[in-house]
Amino acid sequence: MKLHLTLLVMICLAIASCSKKPAENQPGDDVSLGNDSLVKRLNLKISDKQNLIVKVLVFKDSKGSYVIAGAKDKKYWIGYFDGSGNQLKVKTYTGDPTEIPTASGTKVQVGYNFFIRIKEVNKVIYITRQMRESQINNAADPFIEDFTKIDINSSAITNTYTSVIPGKDEPFTSEMLPWTNSLTEITKSKLDVAGKIVSSVNYIYNQQGTLAGSFPSPRDLKYAEKALSDSEYILVTSDFHFVCKRLADNSVKYDIDLLEKIGEIRSGVINEIKINSSSIEIDYSVVNKDGVSINVRNEIRSTTGEEL
């Protein structure tokens, strides 16, 4: 009896073991993606792993989503994933230039990629990447700029290319900042032959990516610029005029000479511009023509420019 019972148990176990299917590996699960520790740590669920190399986490946005950089088919690749590792969007940069125009008219090969700026502004991630010949990254060398935008709400990834030759006309993206809660300031700057910024223009875009206005930005110590509203902005010029302009066409709403009561000065600097609900406070320090240091704080009505 014991022998029969033992045989019955062994047969049941054998049947049970045969009924269990072996675990099936998902296609591509056993393929190394380069930085496998990053893929595992973030639990990245990548839909197309063929010829893909994951390299580095470059940014985490305000929603907790990740921007991952890598290469696919030897082309630059960006992946955008939510905090659980679900794939939101990927882009392979098949249009990346392989050559860089130079000032002499010749071309050199792209050798290195550099991330210059990565910022989130008003629910958009901005990435500027420079493609250069050398890893030394000399300021005076020409480069190709890739300007990428990732819309956090739609997950759309778009980009444009600009060939930048120091001393020539094409500007590069030098800054991305919030202008207001609904407008974004993108600053484009021109370089001299030594690779130093010589002029800049601020371009103001709305949330739909439409240009709302633009104006030059000298960026010297006597100069200040701020949004007064979505339609108007204020600035202090190098000759200490406080000006309110309309963003759409840069027409002047009012213009105040801050040195009217002081007269000629040797030097000066704007310390602070404070925008209140109905007024604007301007704090500035100057050295007059006699060498006397003077600190002034004016308050004006923001709608009319009238001094309070």
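This is a predicted model: local features need pLDDT of at least 70, side-chain atom pairs count only at pLDDT 80 or more; totals for chains, interfaces and linings use all residues.
Local features were considered at pLDDT of at least 70 and side-chain atom pairs only at pLDDT 80 or more, whereas totals for chains, interfaces and linings use all residues. Residues are numbered from 1 along each chain as its sequence is written, and side-chain values use heavy atoms, with hydrogens and water left out.

Strands are DSSP runs of E with at least two residues, numbered from the N terminus, and two strands are taken to pair if DSSP finds at least two bridges between them. Strands of a sheet pair through backbone hydrogen bonds, either parallel or antiparallel.

An open sheet contains 4 strands in the order S1-S2-S3-S4, paired in the antiparallel sense. Strand S1 (52–60) and strand S4 (87–92) form its edges, each pairing on one side only. On average, neighbouring strands of this sheet are turned by 20° against each other, direction ignored; axes are lines fitted to C-alpha atoms, and angles run from 0 to 180 degrees between N-to-C directions. The antiparallel pairing of S1 with strand S2 (residues 66–72) extends over 7 bridges, and valine 54 has glycine 70 in S2 as its bridge partner.

Tyrosine 233 is bridged to lysine 245 in S17. S16 and S17 form a hairpin with 4 residues between them, and phenylalanine 240 in the turn has a positive phi of about 60°.

S17 is also joined to strand S18 (residues 252–257) by 5 bridges, and these strands run antiparallel. Cysteine 244 stands opposite tyrosine 254 in S18. The hairpin of S17 and S18 has 5 residues between the strands, with a positive phi of about 60° at asparagine 250 in the turn.
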